[in-house]
Amino acid sequence: MSDTRRRVKVYTLNEERQWDDRGTGHVSSTFVERLKGISLLVRAESDGSLLLESKISPNTAYQKQQDTLIVWSEAENYDLALSFQEKAGCDEIWEKICQVQGKDPALEITQDPIDESEEERFEEMPETSHLVDLPPCELAKLEEIADLVTSVLSSPIRREKLALALMSEGYIKKLLQLFQVCEDLDNREGLHHLYEIVRGVLFLNKAALFEVMFSDDCIMDVVGCLEYDPALVQPKRHREFLTKTAKFKEVIPITDSELRQKIHQTYRVQYIQDIILPTPSVFEENFLSTLTSFIFFNKVEIVSMLQEDEKFLTEVFAQLTDEATEEGKRRELVNFFKEFCAFSQTLQPQNRDAFFKTLANLGILPALEIVMGMDDLQVRAAAIDIFSYLVEFSPSMVREFVMQESQHTDDDVLLINVVIKQMICDTDPELGGAVQLMGLLRTLIDPENMLAPTNVGPRLPRTPLQEHKTEKTEFLTFFYKYCMHVLTAPLLANTAESPKDSPEGSAKINPVCPDNFQTAQLLALILELLTFCVEHHTYHIKNYIMNKDLLRRVLVLMNSKHTFLALCALRFMRRIIGLKDDFYNRYIIKGNLFEPVINALLDNGTRYNLLNSAIIELFEFIKVEDIKSLIAHIVDNFYKALESIEYVQTFKGLKTRYEQEKNRQNQRLSRYRRDTRSLEDDEEMWFNEEDDDEEGEVMAEKGKSEEDFPESYGKYMEAKKGAANGTSGTNGKSAATPPNPSSPNGSSAKSAALPPAAVSKAGLVGLVDYPDDEEDDEEVEDSPRKRPRLGS
């Protein structure tokens, strides 16, 4: 029982003067050593985390509203509110706050901050003047009353005292009776005074006064008083609008009288705030904060009451999906759901979850599928707004629905395909609806939010990563199978190749491309979505691009007169190249797909514009990242056309990269050939050595003493080491030792015998020997060292 009584929602007021829900928990008041005082603590009911820790300051003004709200400010622009589930819990915490501040719990506000001069003035006032003395509520005193109300607005304490006086004497209703008298007598002066009085009372910002002023028997008279602005020559007719023009449409009769009253009240108070009252100045912004809160919590209550009425929502859905329902009636039903979903944004997260799950269980997605395909533009627009609320709330819920739907529905009527067709067929010249739908599609295909399970029913436990992979794999497979062809249809239709195409493998493409601005905008949206796919889908989009030769078709748009469309096509190619994927690079080279880009650069001439910069950035990226296959392709096929461009060094840099790589390959080739010759010389020397041993020529040498043996043995070992180095050089790790012309045998030093396995292995690496090898060797020996990489 205690937990229920202390259950609260925590709200903070944002910069737009709207209340943000910070969560639900249980409040307590305890002494916090760190803060050195009694503090309000709210711990989340979900995980026990601390939602709020606020010391009850003696100088903070706390305000009690609507029996279940406590509102206060902790900084100049930081307002907080606690919304209690039960009045008893609110009263308990309010008494604790008043006890700490030494205030009477009967008050609805503890105090307001005041400056020293004001405090001194009130200290001089008699102690008996605890309330403002109100003049008698008479026609002759209206001017005096208006002056009094206007004068207290600058003083927080006097505002509080005036509010207490107005409440204690039932003064508001007496004033509204005078309004009826003045209007009957057409007393314009009195009506102007009443305008000032009622406007001033609203600026007192007191919830207790609002409860009286916005009650059924008073609110229309309050609106009437606000019609007679002294600055206007003729009064506005707000009451006529509210009673005659504005019609309360019940799509399904609402039997709950309290709910009906709350809806009427909320609409009228919102009208007063948005239409009647002038936009508050910087100094008046906080005067109506309580009015904003009043509307906010009314909306929360309306949504909760409607959600709890299951019969009402069931009937609404039944009529929405019934084919016999008239178009006008269906339009009203869709508009009701749109407003209903808008109101739901005021709910706290847990309640909002329950709200959308209720709508999903009742069949909101199948219903949207029906109404989004209708001809009525208003119905379609409202349905798109509802769909956006659902996608923003839970993309996984929408994905799960469409995948289940594909099992028993034709491709054309799948919900996502209906959405894509709405995007393609948007009649708005600026494609406002298409842009909105493209954003929703992007959310649905974004792997980053694919974290929820896609299947229902029992299954083995999975880690979050497994869930993510499962949903990503299943949904993307579904999307590329059933939906991608619908998305790319306009792109493929507008970039169709001409009937007189060159043979397969040619780079010639159709120079005709769409010049209609609306079509160009649509294609730009589709390309933006496809570019997103390239970045995030990798495998699926790669297969699609290869199978459909999609990049070639996209590059047709480089010829468009709309520069933004040409840039979209270029951006698509830039994302592909940015992946540095060998499959994509081979595809680009085989299709010669740089040709339309280079043609666009050359056609642009010397103009220094965004297209020029974007194309140069593409080639600069290839150069800096040293994508060798693309560099070789560009230099071999297009350098003659590009070498005249000298205002940037990009293309010369590509040529330099190309030549450096070519030199590296030549040096590597020369090393291989030289290593092969060294091995052949070593083999010949080995056989010569064997012959010398057999003929006894070693023993027959004259002039050799025993002392020469160590020197000969040392040379023999050096030659052996050199042969070993030559063997390792054939494996590409080091160059072979060159022949030494000063050796005893003239041409070269004798090499140690190489093992047969080493000889055969090295022979596999070497290339064919040519007669002019010796000349090549001399040239290679004099070749320069490798030049350092650009940008290294």
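## Two helix pairs

Axes that meet at an angle over 145 degrees count as roughly antiparallel, and those under 35 degrees as roughly parallel. In this predicted model, the axes of helix H14 (residues 327-344) and helix H15 (residues 349-362) cross at roughly 160° and come within 10 Å. H14 and H15 are therefore roughly antiparallel to each other. On the H14 side the contact is made by Phe337, Phe340, Cys341 and Ser344, and on the H15 side by Arg352, Phe355, Phe356 and Leu359. By class, these residues divide into six nonpolar, one polar and one charged.

A second pair is formed by helix H28 (residues 595-604) and helix H30 (residues 628-642), which pack at an angle of about 5° with their axes 11 Å apart. H28 and H30 are therefore roughly parallel to each other. H28 brings Glu595, Ile598, Leu601 and Leu602 to the contact, while H30 brings Phe638, Ala641 and Leu642. Six of the residues in the contact of H28 with H30 are nonpolar, none is polar and one is charged.

## The chain as a whole

The protein chain contains 35 helices and seven strands. It has 792 residues, of which 46% count as buried. Among contacts between residues at least 6 apart in sequence, 66% join residues at least 24 apart.

## Cavities

Rolling a probe the size of a water molecule over the atoms shows where empty space is left. How many cavities of 30 Å³ or more does the structure hold? There are three cavities of that kind.

The largest cavity holds about 50 Å³ of space. Its lining consists of Ile172, Leu175, Leu176, Ile197, Val198, Val201, Met213 and Val222. Helix H6 (171-184) and helix H7 (188-203) are the elements that give two or more residues to this lining. By class, the lining of the largest cavity has eight nonpolar residues, with no polar and no charged ones.

The second largest cavity also has about 50 Å³ of space. It is lined by Arg188, His192, Glu227, Tyr228, Asp229, Leu232, Val233, Gln234 and Pro235. The lining of the second largest cavity divides into four nonpolar, two polar and three charged residues.

## Two loop residues

Arg17 sits in the loop between strand E1 (7-13) and strand E2 (19-32). Is Arg17 buried, exposed or partly exposed? With a relative accessibility of 22%, Arg17 counts as partly exposed. Along the chain, Arg17 and Ser293 are 276 residues apart, yet 9.2 Å separates their C-alpha atoms.

Ala61 belongs to the loop between strand E4 (50-55) and strand E5 (62-65). The relative accessible area of Ala61 is 17%, and a residue counts as buried under 20%, so Ala61 is buried. Ala61 and Glu74 are 13 residues apart in sequence, and their C-alpha atoms are 9.1 Å apart in space.

Terms used:
Residues are numbered from 1 along each chain as its sequence is written. This is a predicted model: local features need pLDDT of at least 70, side-chain atom pairs count only at pLDDT 80 or more; totals for chains, interfaces and linings use all residues. Side-chain values use heavy atoms; hydrogens and water are left out. Axes are lines fitted to C-alpha atoms, for helices over the stretch in contact, and angles run from 0 to 180 degrees between N-to-C directions. Helices (H or I, at least four residues) and strands (E, at least two) are DSSP runs, numbered from the N terminus. Angles under 35 degrees count as roughly parallel, over 145 as roughly antiparallel, 65 to 115 as roughly perpendicular and the rest as oblique. Contact means heavy atoms within 4.5 Å. Ala, Val, Leu, Ile, Met, Phe, Trp, Tyr, Cys and Pro count as nonpolar, Asp, Glu, Lys and Arg as charged, and the others, Gly among them, as polar. On a 1 Å grid over the protein atoms alone, a cavity is a set of points where a 1.4 Å probe fits but cannot get out, and a pocket is an open set with protein on both sides within 12 Å along at least five of seven lines; lining residues have an atom within 4 Å of a point. Grid points are joined across faces, edges and corners, and a volume is the space filled by probe spheres set on the points. Buried means under 20% relative accessible area, exposed over 50%, partly exposed in between (1.4 Å probe, protein chains only).
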